[in-house]
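Reader: I have just opened my first structure. Could you show me how to read a few of its features?

Author: Gladly; let us look together.

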Amino acid sequence: MSTFNFAAEAEKVNPLIPHTAELIVGAVAFSLLFLVLRAKVVPMFEKAFTARTEAIQGGMERAEKAQLEAQRALTQYNEQLAKARDEAQTLREEARVQGSSIVEELRAKAQEEAARITAAAHASIEAERQQAITSLRTEVGALAVELASKIVGESLDDQARQSRIVDRFLDDLEKSK
Amino acid sequence: MLNLVRSGAEGGEFVPPSAKDFELPPIFGDNAFTTKPIFLVFFSVIVISVFFIASSRKAAVVPSKLQFAGESIYSFVRNDLARDVIGHEFLRFVPYLFTLFTFILVNNLFGIIPLIQFPAMSHVGFAYVLALFTFFVFHYVGIKKQGAFKYIKEIMFMPGVPKAAYILITPLEILTFFLVRPLTLSLRLFANMFAGHLLLLVFILGGEHLAQGAIGLKLISPLAFGIGIVLTFFEFMVQCLQAYIFTLLTALYIAGALADEH
C-alpha cells in the first residue's frame, strides 16, 4: 500500500513568482513573432483579401456589362431580322407582280402570233382553193366536152355554144350540190 | 525529464504532482535560459512564422489548401475578434492581436502535443509578459486617442456618475485599469494551463503508479488512463478557449480605450 509522500511538499515552489529568464525570453520571442507576422504575413493576407473583394466586385460589374451588351445585341439582331423579313416580303411581292406581268405579256404575244399564223394559213388556203376551182373549171369543162362529143358523135365545133353548155352544166351541178 | 525530478516515485510511494513538477531542470548547462519552456517558446515562434509565411507567401484570390488553413485562422482573428470588437479602426491592431492569439494558442497546445507535452504558458513569466504588453498597448492607445489628461480623468472620474459615488468608484476604477486587468489577464491564462497540466499529471502518473501496485490497483489503472485521455481532449478545448479569451479581452480593452466615453 502506497502512502503519500508529504515530504516532497516541503520544498515548495511558488508558481506565481516568474523567472527572470522567462520574462526576458517571453518579451523577446513575442516581439520577434510580432515583427515577423506584421512584416511578412499580415500584408500578404490583406493583399489577398483586397484582391478578392476587387475580383468579386469587378466580376459582378463585368457580368452586368456583358449582360447589357448581350441585351443590346439581341435587340439589334431582332431589328435586323425584322427588317430582313420586310425586305424579303417586298421582294417577293415585286417578283410576283413582275412575274405575272411577264406571263401576261408573253401570253398576249403568243396569241397574237397564233392569230397571225392562223390568218396567213386561212388566206393561203383560200387562194389555193380559188386557184384549184378555176383550174378545175376549165379542165373539167374541156374533159366533159370531149367526152360528150365522143359520146354524142356530133361535132360541137361552135366554141360559143360549147362553152355555154358547159357553164350551164356546171351551174346545174353547183345548184344540185 | 519528469523521471529526473520524480526519482522518488518508483519506490512504491506516490508523490502527488505539485508545482515542483513545473520546475524543469535545464536541458544542458546550468542556467535559466536552457530550460524546456524557454526552448518551447522559441520553437513556437519558429513554427508560427514558418507556417504563416508559407501559407501567405503566395496569397492569391483563389487560395491553396495551405493558404486556406492559414487564412482561416487569420481571418478569424481579423474579422471575429478585431473587427467585431474594435470597429472601424481595427486594422492597425490586427498584427498585435494575431500575434497574441497564435502565440498563446501554440504555446498552450504544446501541453497536449505528444513528446512535447508541456504548456509553456503554465510558467507565469510568459503570461505576465503578454499581459504587460496588452497593458501598455491599450493605455498607449487611449492616451494617444484622447490625450493623457483626458484619458486619466475619464478613468478616475467616470462621466455620468453622481459626485458622492466617486469616493467609491475612483479607487475601484484605478484598481481595475492598472492592476486588476493585467493581473487577471495573466493569471487566468497561467492558472488554466497550470491546473490543466497538473490534472493530466495526476491521472497519467497516477495510472502509471497504480499499474505497478497490487492486482486490485492494477485494475483501476486503465480507468485513470482513460480519464487522462478524456481530460486531454478537455484540455485541448481549454487551451483554445484561453487563447481566444486573452485575445478577446485585449481587443475589448483596446476598444474601450478608443471609445470616447467609458
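Author: Let us start with exposure: a residue is buried if 20 or more other C-beta atoms, placed from the backbone, lie within 10 Å of its own, exposed if 12 or fewer, and partly exposed in between. B:Leu115 counts as exposed because it has 4 C-beta neighbours inside 10 Å. This is a predicted model, in which local features need pLDDT of at least 70 and side-chain atom pairs count only at pLDDT 80 or more, while totals for chains, interfaces and linings use all residues. Residues are numbered from 1 along each chain as its sequence is written, and chains are lettered from A and ligands numbered from 1 in the order in which they are written.

Reader: Where is B:Leu115 found?

Author: B:Leu115 is in the loop between H4 and H5 of chain B. Helices (H or I, at least four residues) and strands (E, at least two) are DSSP runs, numbered from the N terminus.

Reader: What can I learn from phi there?

Author: Most residues other than glycine have a negative phi. B:Leu115 has a positive phi, near 75 degrees, and is not a glycine. B:Gln117, likewise not a glycine, has a positive phi of about 45 degrees and is found in the loop between H4 and H5 of chain B. B:Gln117 is partly exposed, because 17 other C-beta atoms lie within 10 Å.

Reader: How do I read the length of a helix?

Author: Compare its span with the expected one, which is 1.5 Å times one less than its number of residues. Helix H3 of chain B (residues 65-86) has 22 residues, and its first and last C-alpha are 30 Å apart, close to the expected 32 Å.

Reader: Where is the kink in H3(B) centred?

Author: The bend at a residue is the angle between axes fitted to the seven residues ending there and the seven starting there. In H3(B) a kink of about 25 degrees is centred on B:Ser75. The buried residues of H3(B) include B:Tyr74 and B:Val77. After H3(B) comes B:Gly87, with a positive phi near 95 degrees.

Reader: How many residues of chain B are in contact with chain A?

Author: Two residues are in contact if their C-beta atoms, placed from the backbone, lie within 7 Å. By that rule, 45 residues of chain B are in contact with 36 residues of chain A. On the chain B side, H2(B) supplies the largest share, ten residues.
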